[in-house]
There are 4 protein chains.
Amino acid sequence: MYADDKLREECGVFGIYAPNHQVATMTFFALYALQHRGQEATGIVTCDGRIAHVHKGMGLVSQVFNEENLSHLRGHLGIGHTRYSTTGSAKLRNAQPYILETLNGPLAVCHNGNLINSPQLRRELLERGVGLQSSTDSEVIIHLLAGAGGDWLTRIRIFMAKAEGAYTLGILTRDAVYGVRDPWGLRPLVLGKLPDDGYVIASESCAFSTIGAETVREIQPGEIVRIDADGYEIVQGAPPQNKAFCTFEQIYFARPDTVFNGQLVHQVRQELGRQLAREAPVAAEAVVAVPDSGTPHAIGYAQESDIPYTEGLIKSRYIGRTFIQPTDQLRKVGVAMKFNPLPENLKGKRIVLVDDSIVRGNTSGPLLQLLRKAGAAEVHVRVACPPIKFPCFMGVDMASQDELIAAHKSLEEIRAHIGADSLAYLSIQGMMSALAATSGYCNACFTGEYPFMTPITTIELQEKEKFAEMWGD
Amino acid sequence: MYADDKLREECGVFGIYAPNHQVATMTFFALYALQHRGQEATGIVTCDGRIAHVHKGMGLVSQVFNEENLSHLRGHLGIGHTRYSTTGSAKLRNAQPYILETLNGPLAVCHNGNLINSPQLRRELLERGVGLQSSTDSEVIIHLLAGAGGDWLTRIRIFMAKAEGAYTLGILTRDAVYGVRDPWGLRPLVLGKLPDDGYVIASESCAFSTIGAETVREIQPGEIVRIDADGYEIVQGAPPQNKAFCTFEQIYFARPDTVFNGQLVHQVRQELGRQLAREAPVAAEAVVAVPDSGTPHAIGYAQESDIPYTEGLIKSRYIGRTFIQPTDQLRKVGVAMKFNPLPENLKGKRIVLVDDSIVRGNTSGPLLQLLRKAGAAEVHVRVACPPIKFPCFMGVDMASQDELIAAHKSLEEIRAHIGADSLAYLSIQGMMSALAATSGYCNACFTGEYPFMTPITTIELQEKEKFAEMWGD
Amino acid sequence: MYADDKLREECGVFGIYAPNHQVATMTFFALYALQHRGQEATGIVTCDGRIAHVHKGMGLVSQVFNEENLSHLRGHLGIGHTRYSTTGSAKLRNAQPYILETLNGPLAVCHNGNLINSPQLRRELLERGVGLQSSTDSEVIIHLLAGAGGDWLTRIRIFMAKAEGAYTLGILTRDAVYGVRDPWGLRPLVLGKLPDDGYVIASESCAFSTIGAETVREIQPGEIVRIDADGYEIVQGAPPQNKAFCTFEQIYFARPDTVFNGQLVHQVRQELGRQLAREAPVAAEAVVAVPDSGTPHAIGYAQESDIPYTEGLIKSRYIGRTFIQPTDQLRKVGVAMKFNPLPENLKGKRIVLVDDSIVRGNTSGPLLQLLRKAGAAEVHVRVACPPIKFPCFMGVDMASQDELIAAHKSLEEIRAHIGADSLAYLSIQGMMSALAATSGYCNACFTGEYPFMTPITTIELQEKEKFAEMWGD
Amino acid sequence: MYADDKLREECGVFGIYAPNHQVATMTFFALYALQHRGQEATGIVTCDGRIAHVHKGMGLVSQVFNEENLSHLRGHLGIGHTRYSTTGSAKLRNAQPYILETLNGPLAVCHNGNLINSPQLRRELLERGVGLQSSTDSEVIIHLLAGAGGDWLTRIRIFMAKAEGAYTLGILTRDAVYGVRDPWGLRPLVLGKLPDDGYVIASESCAFSTIGAETVREIQPGEIVRIDADGYEIVQGAPPQNKAFCTFEQIYFARPDTVFNGQLVHQVRQELGRQLAREAPVAAEAVVAVPDSGTPHAIGYAQESDIPYTEGLIKSRYIGRTFIQPTDQLRKVGVAMKFNPLPENLKGKRIVLVDDSIVRGNTSGPLLQLLRKAGAAEVHVRVACPPIKFPCFMGVDMASQDELIAAHKSLEEIRAHIGADSLAYLSIQGMMSALAATSGYCNACFTGEYPFMTPITTIELQEKEKFAEMWGD
């Protein structure tokens, strides 16, 4: 009941090479800005050119780090990570970055994404006699890098030649930080420059604003960026594939102040809302968002439809997750513990309720009841993306296909299920036009067309789950 | 740098008598909804008619309570409290409710407000030989109640006859819960009814929506409400004084979904924004709020001015307070760690930036720089309340008068200080008309006219501070 | 199974006035030496002549204090406390010293003992309207002192005139530390002098060796010692009663390096063993102790009997209490988890097993089985005190009378129960002669003759328990 | 000042295969009995034949485990470990057992000892591209086992063929537990049988008494024991070398109730004391031990010399380590914080003070001062082993050679340094005769004759330290 009906992103990645900055503190603030990409665990590894220092912990960035532990993270280069919060097996063992000693000095890796061929890669390692300590892809990646021959760039290329799936990597060696983006460009990665000197990489440019860096450019699919004492260098690590940037980064995952492809995410979301208003207009007195993620889309819908935007639902500002089960009486009250309505803004009005997406469809019903109880005359639901019908294997934790409401119900059935007066989703064409693109995005969760040649078989997925089970993950 | 430039409310109060409900769980969810009134500490006391049970802790409601400790809080009546988070001396000793054994069974008290004559009341207790263990008013109140003669109603009346200042109390005895509102009505208190049976009291009605209760009515100045096995009874505890409800509850403190005097706070804030638009119009292309608290005012300004509302600043959703000091380089970046701008929404535009209030004026300057750096052509600041020039002694922790920017600078000086193209505050008359009132509010922080006859002398305040120092508070 | 079959002392008390020492650190080390008198909780209060500072916590002295929290305990006078560890309700609320603000500055109190008329004293406070927050005697004492008139010495005398029972107090005011011993002298208290300057008081002189102090003299029954800027002063606070020093301090509670009445406790215990050897000789090849507390008695027995002393049982040096329940298979193994036998020292020998005392008799049986399994030919149990038949109401937590094995079984029955070849207790006369005394001791647990005129009725005890229940204690 | 002047053992190892027992609880109690072999960290891995379960933590066994986490450690086989407490880098990362996933299922390893060729073995792994995450030998061992070919027995043999140094291993695979003892037999390992069924291995037989197991036999140098569904099997894993069992296991490390080579350790220690009495008699009135470790030796000395044994020093029963620095005044008091003298047992007497060993010689001086201040007429120090002159590279953490007092001072110089009236060490011949042996022991710390052919060069040791530094260990 407390979980949002949202998809879940897996991680945030950051890297920095900046001899004249306090690298650990800079990384801390950057991770603070990337907190929305993962609240389960966080970690920072720094290096002073010889020795690596690490601190990791479960919880929010602000909970895990303090002046004292940051002070031990000496050095002029570093990488950091925020990890997404699952309900179940939060284990420190799975916190990143991973770090290893190698013949060539310390090696640390952090990862955003999901390798679809990780069962094969695990097997390769196990067959080489490399035991594994977790069920994470990141451990697989660091051992593949440690065990490959050649310099670090060569090793990264060897890894990219083998790996299939979504991966944005931050890699730290003794004297450089590397950023890697998979050949499909499924997850974002961007390069920035610090005012005085030094370079940074991050999953999202919003981290740059926070630490005073300027965006240099996005790392393109298949590229490797290396930042070190000589500045930065970008090389092609693997041939780019048909670009398949995750559409949901635009729709929901990224912070609205991040820029992708030169477009501010907040603007993209407004445009999705405007397009939705064009496709699915309705006579109404107020446009209301499902806060906070649906707000930009709702503002766009209001702009285009000329129906006034207002707030209709209040969401608690204090997220601290609770696992207290509501009583039976409270259960009837439903979603109210998370959202409260603003009756005077709704009373007697026809309302357009704009949401960025619907996954399971389990919170929309109670929300609509709230609005009606607060006096709304009609509630027209508008969803700023197409129906989600297929599971993601590329680093997004979402319901299994069974749970996806649009996989099993028609539009009319969904409308009836949630109790809306009308319901419309944005079309795929409309979404793409709002993105000002005709291609370059992974829309697999809407279309079932995955970007990989390898068929993702159930057997392989089961093998991966078996590993996870062994570790109690 | 991380603190908002906001006033700080001191507490949230809740009480419940409900034999057929899980009282502790209900209180938990109500406190969760009152979290915005205090994040330092929280506590619940319940009673089963014979024995009282208590659990208190430092931190958020969701951090302090869990299924296990709630299960020990047995009984059919209870009170709970959220305490405001100061930066310094967070001590468990100061967490509320306080609880005492008396000849008439357990007594528990929680408090929102500030007694201006607490030095005299402390002295009265000390002279009676009652030692005190903290510097809080709440401990004074509970000992005054414990030491007075007569039944509980009589004791509360004796207390009210002596006390001067702001106090909303939740009181638990063996068989009843009492709510008390001071004769000036400085802090809010409202009575609600549960669907099946039982009654509740809360600082704000937003707690009722969360637990499925309906508002019965607001408790009026000087009234005592008693809820017990026979339902509720409201009596006059002390003659009401000229009503002096804190205007800032309407402007900033309360949750937007709370109702005061039959008005939804969100609507009141929109009306403040609309009035501001009438008083201080300006030619612009976008109305932008200082989120989240300025959003309703900005929406109102946009409605009245017909300038489109949009989001121009993003605030981190993950509050976890951090005490990490920014580096010197980061210090230059200023407020950016908390707010990031949305350049595409601002670029080349004349912006109206609506804030609910300005206290010290120390965050507005950096914010404006952010907006300009993001491309805003002009920034016109509009503040939805009058200039704050006088300190509060009634339970709001705000800067000393020295720090209040409007106490020392003219409008033009403030404008120059924050770097705005223009600056306007709402007038007192305009504010009152937006509140649809001509009296009944305490506007002391704007006018310096305090609601009490007793002059508040520096000497008494120093005495209070001396006590606090003794306890290291 | 893990609990020793021992009586339990309630507390250790310490006080210091020493302008040229680091008072908090000295108190820390003194409490470290008094750790055996209580492992549940500990606390220190210091005062700099104006403001008091306090730190308390659950656990061992070494766990609760660190350099950081000691550094906040500024001042030149202080008191400290170690509290005995019950299995159940370990609550920080009950940790001592208690501290209050009074008209005459801070007041702090810590206590070793038990007031038998505390129900009446509680009632007196409650009738005066002083609410109470715990079920401890110490809170009653501090409120009685705070509420009495006159200077501190007068107030302490007023308290002593009212109080009945065992109490050794450490009291801190703004400018002096007081030590108080009840008129029966039930619990010990001793005055010491620091090498450079300053005086200290402690429950046992072993604390003095640890901090380099020399014993001045023991505080006598009914005396008050005041230590302040002028040195020390001893006055009679209440007429001394028939001295009734707890015999068990000599037998078991005190550390062997403590001196009572000019006698080293270790010597007294050896003498108890020697007397036991005279009273109950037996032909045997080895004298073995139940370690560690029975060792001095066993050494004495060996000296007198000329039977060689050796170790026959090893006790884990690592006490960390465990609450893990043994498995059924382990349950059969019984006491072995705490003691392991030394077979080669026992094999084929007739063993005298010397214990300082037997309370419930539940560990002796398994211990004897261990010894026999390890090869002992005969086991003759010798107990260095008389049979314990009556409960203690003066600050010792022991089994209820039902559980005292000697209250219900004859000597022969006990022998059979524990499976000894022979069993002998020390006689009361023998014990007194070993103590070199004919009177001056409370032997109530052996004789049932309590030192108080007031009959201790069940009703009053029940009242006290009722209070405890209210607090969940 | 708080550290004992003792050598430090590195670890305790335990393993169990017992389908009808609660394996985790049994392991818990066994580790509780092996606590003296390591107090820094502890861990348990169990396996249910398919999946492995692990829990590790910093601190004592009783602190790390509770009913809840033990309940997750399902399965019928398991291994456990206690790790020695260094002052500095206590890191959870270094806690054992280590666990890896391999193609052949889970693999877990725990280790007691020290590989002298671990730099070479580390390099072998790194050259194979296996990155390492710690500076521990145990991680090296588990990766060597994981990466070798063949069945587990084969892999263990491959490892034994490569490894040089001290190693007692506990190894868990999917369906068996292995115990391994290095070919020199430097560290102990013993096999036991549970009453109902199942087998156990442990570093010391004292763990067996605690869980009701009987010793089957000691594992001999170079042997591997495998325990599984078919019972146990012992095979030779590597040719035994000249046996070199660490003499200090007999003198100090092991619990007195452990049996080595059929001899109870307590008896051996008594015999060491008796031999010492024969070699270095002295006229005296009392024999006193440095408690607790010197007690058996002192009892033996007393038996042989016919001088009465008594206690002369009391050691705090409550070990909780403290890092509080004593004040300057306290510093003068010296060792008194740990030991207090018993003056009446010492006054006017000539004392033989028996210690099991002297390492740095830094605590003996203060101890002797204590005894003299308490009235001892003469103090004759007798040390129950020969002078320690050479460092250990086989798993004992002792001072560097610089710090070993006997490496630099003559007997007379040491006597003068510690202020004894006379001083004698046991001779090597005397020690061996007390051990009833002419060979089979490593006496390298006395003689400098190390059991390995490989010269232990400073360069290799430095390389090892470099690794440790990289990990901040």
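How are H5(C) and H6(C) oriented to each other? The points below take this up, then turn to a helix pair in chain A. The model is predicted.

1. Start with chain C. Helix H5 of chain C covers residues 137-147, and helix H6 of chain C covers residues 152-162. Their axes come within 9 Å. They cross at roughly 130°. An angle of 65 to 115 degrees would count as roughly perpendicular, and one over 145 as roughly antiparallel. H5(C) and H6(C) are therefore oblique to each other.

2. Now the handedness. The crossing in which H5(C) passes H6(C) is right-handed.

3. Next, the residues that meet. H5(C) brings C:Ile141, C:Leu144 and C:Leu145. H6(C) brings C:Arg155, C:Ile156 and C:Phe159. Five residues of this contact are nonpolar, one is charged and no residue is polar.

4. Turn to chain A. Helix H9 of chain A spans residues 265-279, and helix H10 of chain A spans residues 295-305. Here the axes come within 6 Å and cross at roughly 50°. That angle makes H9(A) oblique to H10(A). H9(A) passes H10(A) in a crossing that is right-handed.

5. Look at the contact in chain A. On H9(A), the residues taking part include A:His266, A:Arg269, A:Leu272, A:Gly273 and A:Leu276. On H10(A), they include A:Pro296, A:Ile299, A:Gly300, A:Tyr301 and A:Glu304. Across the contact of H9(A) with H10(A), seven residues are nonpolar, seven are polar and five are charged.

Definitions and conventions
Residues are numbered from 1 along each chain as its sequence is written. Chains are lettered from A and ligands numbered from 1 in the order in which they are written. This is a predicted model: local features need pLDDT of at least 70, side-chain atom pairs count only at pLDDT 80 or more; totals for chains, interfaces and linings use all residues. Axes are lines fitted to C-alpha atoms, for helices over the stretch in contact, and angles run from 0 to 180 degrees between N-to-C directions. Helices (H or I, at least four residues) and strands (E, at least two) are DSSP runs, numbered from the N terminus. Angles under 35 degrees count as roughly parallel, over 145 as roughly antiparallel, 65 to 115 as roughly perpendicular and the rest as oblique. A crossing is left-handed if the near helix is turned anticlockwise from the far one by less than a right angle, and right-handed if clockwise. Two residues are in contact if their C-beta atoms, placed from the backbone, lie within 7 Å. Ala, Val, Leu, Ile, Met, Phe, Trp, Tyr, Cys and Pro count as nonpolar, Asp, Glu, Lys and Arg as charged, and the others, Gly among them, as polar.
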